[in-house]
Amino acid sequence: MKRTLKAGVSTSLLVALMLSAACSNSNNQGNEESPKNSTANNAAATATAAPAEKPDPYSKMPELVEFTTGNTVSTEVNMPAGESFENNDVQKWFEENLNVKPKLAWTTSDQNFAFEQKVNLLIAANTIPDVLTINVEPNGLNILSKLVKAGMVEDLTQVYSDYASPYLKESMKLGGDDVFDPVTFDGKLYAIPSLSDIETAIPVVWTRKDWLDQAGLQEPQTLDDVETALKAFKAMGKSGQLPTQQNIYNSDTASFDFVFGAYNSYPGQWIKGEDGSIVYGSIQPQVKDALARLAKWYSEGLVAKDFMMNDSNKAVEAVAKGSAGIFDGSWWAPWYPLPDSVKNDHNAVWQDTVLNGEDGIAHARGYGKIRSFVVIKKGFKHPEAIMKVLNVAQDANAKKLDWYNKLTFEAGGKYTDAKMGLLPVSISAKDPHEISNRYKDIMAVLNGEKDVSTAEPETQAQVKTIQTYQAAADPFADMALWSGANNFYVGAAGLAKNPVQQTLPAFIGTTDLMQKKKTALDDLEKQTFLEIITGKKTVDDFDSFVTKWKSMGGDEITAEVNTIASK
Amino acid sequence: MLTIKKTKQDYITDTIIYFILILLAVTTLIPLFNILAVSLSDSAKATAGLVTVYPLGFNMTTYTTIFKDHAILTAIGVSFKRVVLALIVDMVLVVLAAYPLSRSSKVFPFRGVYMWIVVGTMLFGPSMIPMFFTVKDLHLLGTIWALVLPGAVGQFYVILMINYFRSIPMELEESASIDGASPWRRLLQIYLPLSKPIVATIALFVVVNNWNAYYDGLIYSINTDDYPLQTYIQQLVVNLDMSIRDVDQVKSLLTVSNRSLTAAKLVITMVPILLIYPFMQKYFISGIMIGSVKE
C-alpha cells in the first residue's frame with residue numbers, strides 16, 4: 001500500500017515537473033502582459049534566458065492544485081462581509097495566476113499557543129494538513145525534528161533549489177550561511193524558514209525627553225546615567241523607580257535586559273564561549289556583575305520592592321499613567337505601551353537608545369535567525385506549487401507587488417484593517433538588519449537626500465505614513481497612525497544612535513535532556529537571581545549557584561548541546 | 001415564641017462576626033466592580049491602572065463593539081447550546097445510572113463491581129492525548145457533542161445522587177412495588193419528585209461547569225467558530241510579554257490587549273450565571289448537605 005502510494009507520488013511529481021517546464025514559455029508571455037508585477041517579469045526574464053528545462057518559479061500550475069492548511073485567526077478579524085481566508089481577492093489572484101488554492105482544514109486562536117497545541121495533537125494523531133507554518137517560539141524546532149523523525153514532512157532540497165525565485169534565494173543569503181542549519185537534517189532541507197528581524201530583540205532604554213530637558217539632562221548613555229535620571233525624576237516629584245517585572249530577562253518590556261546587556265551578559269541564551277564551544281549565558285561571570293548592580297539598585301529603591309509580583313502589563317502602568325519617565329522596552333514601543341502614555345498626557349515626548357556597556361560598547365541580546373518555517377506534508381503531490389506561492393509571498397511581504405499593497409497595506413485598502421494574513425502561505429526573508437537600514441533609508445528620503453521615487457517600495461510606504469501623520473491636524477486623533485509613524489521615526493532611531501553589537505544565540509531549541517532537567521535548573525536560577533537582587537543572598541552566592549547548576553545536569557546538557565551543534 | 005435576651009458580649013461577638021463577613025463580601029465584590037468599571041472606562045486610563053471601582057472617561061463603546069462582533073456572538077451561541085444539551089444529556093444519564101446503583105446488591109447483583117468502575121474512573125482519569133484520539137475516532141471533533149459527551153456522566157454527581165436516593169425511606173418503594181409499580185414508575189413518580197433539591201443542585205453544577213469549561217473547547221474544536229465562550233475569553237487574556245519577532249505580531253497582540261474591551265467581555269460571561277444563581281441557591285445548599293450524608 002505504502003509502496004504504491006510512493007510510486008504514485010513520484011510519477012505525478014515527474015509529470016508535474018515536465019508539464020510545468022513545458023508550460024514555462026507560454027507563461028512568460030502571460031507575465032509580460034502584466035507590467036505591474038515587476039519581479040515576476042525579472043524572474044520570468046531570467047527563466048527565459050536559462051535552458052528550456054529550467055523550472056519557472058512564477059509559472060501557473062497546469063491544473064488546479066488544492067492544499068489543506070491550518071491557520072490562526074485573531075479574535076478581532078475584520079473581513080469584508082461574505083469573504084474569508086478561502087474566499088477573497090488575494091486568494092483569487094493566486095488561483096488565477098498560479099492555479100493554487102488553499103483549503104482551511106482547521107483554525108485556532110492566535111493566542112496562548114493554541115496553534116502549537118493543536119499541531120502537537122495532530123502530529124500525535126498523524127493527521128497534519130498538507131502545508132503548515134510553525135513558529136520557532138516556543139518549541140517549533142522541537143516539533144520539526146519530531147516531524148522529520150516520524151517521516152511526516154517532505155524533503156524540500158530539490159524543490160527549493162529548482163523553484164525558489166532568485167529574489168528569495170538572495171534574501172535568504174542575507175541571513176548568513178548557517179541560516180538553513182536549524183531546518184536541515186542529514187543534509188536535507190525539510191522546511192523553508194522565515195527570517196527574524198534580529199534587531200527586534202535589542203533592549204532599548206526609553207526616556208521622557210521633556211522631563212530630561214526640564215532636569216537639564218542628556219539622554220542616558222550608560223547605567224550610571226540611568227541612575228542619575230531616575231534620581232532627577234524623583235526630585236521632580238515623578239516616580240524614581242524603574243518599571244520592572246518578574247521576568248527579569250529575555251522579555252520585551254520592563255525587564256532588566258538592558259542591564260545584562262550593558263555587562264555583555266546573556267542569561268538564558270546559549271552563546272559562543274571564549275574557547276569557541278557553546279556555553280550557557282546564565283552561569284557566566286558577567287551575569288554576576290549585572291546582578292551586583294541590580295542588588296545595589298534594589299537596595300537604593302530604584303526598583304520597586306515588589307517588582308517580582310508584577311507582570312509586564314502591571315509594570316507599564318506607571319508608564320501609561322505618566323509617573324515613570326524611563327523604562328526598558330523594544331524599538332516597537334510606539335505600539336505598546338507608548339500610545340497610552342501620550343493619550344493620557346499629550347506633552348509626553350519619548351526617545352530611545354541602546355546604552356553603552358561597561359566596556360563602552362553597546363551590547364545587546366539577539367534572537368535565533370529563524371522566526372518560523374513552512375513544512376509540506378510527506379506525499380503532497382505538488383510541493384513546487386507551494387514554493388511558487390512562497391515566491392510571490394516573499395515579493396508581497398517586501399511590498400514589491402502593487403496589487404497586493406493596494407489591497408492590504410495602503411490606507412483605505414480593502415483588507416488594510418482585515419487583521420488577517422491573506423497570503424495562502426507566507427514567508428518573509430529580509431536583511432536581519434532591516435530595521436536600522438530601513439530607518440536610514442527613510443531618513444534619507446525625509447531629509448531630501450534621496451528621491452522618493454528611487455527608494456524601495458517598503459521605504460516609500462513608510463515615508464507616506466510619516467508624511468500623512470505630520471500633515472494630520474490632530475496628531476492624536478488616529479492612534480494607529482501615531483504608532484505607525486513614530487515606530488520608525490522615533491523607535492528605530494534608537495537602534496541607529498550607538499553602533500550595536502548583537503550576540504546571537506549559538507543554539508536554539510530544546511534537547512531531550514533539557515526536557516528532563518531544564519525546568520529544575522531554571523527554577524534554581526530564577527530563585528537565586530531574585531534572592532541576590534533582593535539582598536536575601538549575597539552576590540558571592542552566585543558562584544555556589546554555578547557549581548550547583550553544573551552538578552544538577554547543567555554540564556550534561558551543555559555537552560549535549562555541543563554535540564548537536566557540531567553535527 | 002421564646003426570645004433570648006442578648007447580652008452585651010453577644011452584641012460584641014455579633015459585631016465582630018458581621019464585620020468579618022462584610023469584609024469578606026467586599027473583597028469578593030471589589031474585583032467584580034473593578035472589572036465593570038474598567039469595561040466602562042477609556043482604555044488608556046484602564047491601561048494606566050487608574051480605574052478603581054468607578055469608571056473614568058465613561059463610555060459604552062466596548063459594549064457596542066461586542067454586539068457587532070461576530071466572533072463573540074458565535075461563541076455565546078456555542079456556549080448556550082452546550083449548556084442546554086449538557087443539562088439534558090447529563091441529567092438523564094446521571095439519574096439512570098444512580099437509581100440502580102442506589103439499590104442493594106440483593107436487587108442488583110454485582111453492584112459493587114459497577115460501583116468500583118464508577119469510582120475507578122474518578123481516580124484514574126484519561127490524559128489529553130488518548131481523550132483526543134477517542135473523540136477524533138468517534139468523529140466528534142468540531143461538533144458540539146465533543147464538548148457534551150466526554151463529561152456527560154459525572155461520577156461525582158452519580159455518587160451525590162445515589163446517596164440522596166438512599167436517604168429516601170425504603171418503605172416508600174416497597175409499598176409502591178406491592179401496589180404493582182414498575183421500576184420505571186417508581187423512579188419517575190416516586191424518587192424523582194422527592195429528589196428535587198439534589199436534581200437542582202446537580203443541574204446547577206452541570207450548568208456552571210459547562211459554562212466555565214474552556215480547555216476542551218480548545219482541544220476538540222476544528223475552527224475558531226467552534227470555540228465556546230470561555231475558550232474565546234481565555235484567548236483574550238494575553239500577556240504582551242512573549243518574544244516578539246516583528247511589528248505585525250505586536251499589532252495583532254495589541255488588538256486583544258485592550259483592557260476595557262476584555263473587561264466588557266468578562267462582564268458578559270458573568271451575566272448568565274449571576275442570573276440563575278439566586279433561583280437555584282436554596283436548593284444548592286440543602287441539596288448538597290442532604291446528598292452528602294450517608295447512612
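A: Let's start with a term we'll need: two strands count as paired if DSSP finds at least two bridges between them. Keep in mind that this is a predicted model.

Now to the strands of chain A. Strand 12 (residues 362-365) and strand 14 (residues 500-503) of chain A run parallel, and 4 bridges join them. To find the spot by eye, look for A:Ala362, which sits opposite A:Val500 in strand 14 of chain A. Which way do the residues of strand 12 of chain A point? A:Ala362 and A:Ala364 go one way, A:His363 and A:Arg365 go the other way, and all are buried.

Next comes strand 13 of chain A. Strand 3 (residues 131-135) of chain A runs antiparallel to strand 13 of chain A, with 5 bridges joining the two. Here A:Val131 stands opposite A:Ile376. Strand 6 (residues 192-195) of chain A also pairs with strand 13 of chain A in the antiparallel sense, over 4 bridges. In that pairing, A:Ile192 is found opposite A:Val374.

The contact between the chains draws 51 residues from chain A and 47 residues from chain B. Together, chain A and chain B bury about 4,200 Å² between them, and 53% of that is on carbon and sulfur atoms. Across this interface there are 10 residue pairs in polar contact. Strand 13 (370-376) of chain A is one of the elements that each supply at least two residues to the side of chain A touching chain B; others include strand 2 (100-109) and helix 4 (114-124). Helix 4 of chain A gives the most, with 6 residues. Sort the residues on that side of chain A by type and you get 16 nonpolar, 21 polar and 14 charged.

How many salt bridges cross the interface of chain A and chain B? There is 1, and the side chains that meet in it are those of B:Arg259 and A:Glu317, at 3.0 Å from N to O.

Terms used. Residues are numbered from 1 along each chain as its sequence is written. Chains are lettered from A and ligands numbered from 1 in the order in which they are written. This is a predicted model: local features need pLDDT of at least 70, side-chain atom pairs count only at pLDDT 80 or more; totals for chains, interfaces and linings use all residues. Side-chain values use heavy atoms; hydrogens and water are left out. Contact means heavy atoms within 4.5 Å. Buried area is the accessible area (1.4 Å probe) that two parts lose on being put together, summed over both. A salt bridge is a side-chain nitrogen of Lys or Arg within 4 Å of a carboxyl oxygen of Asp or Glu. A polar contact is a pair of N or O atoms within 3.5 Å; within protein, one must be able to donate a hydrogen and the other to accept it, and residues adjacent in sequence count only if both atoms are side-chain atoms. Ala, Val, Leu, Ile, Met, Phe, Trp, Tyr, Cys and Pro count as nonpolar, Asp, Glu, Lys and Arg as charged, and the others, Gly among them, as polar. Buried means under 20% relative accessible area, exposed over 50%, partly exposed in between (1.4 Å probe, protein chains only).
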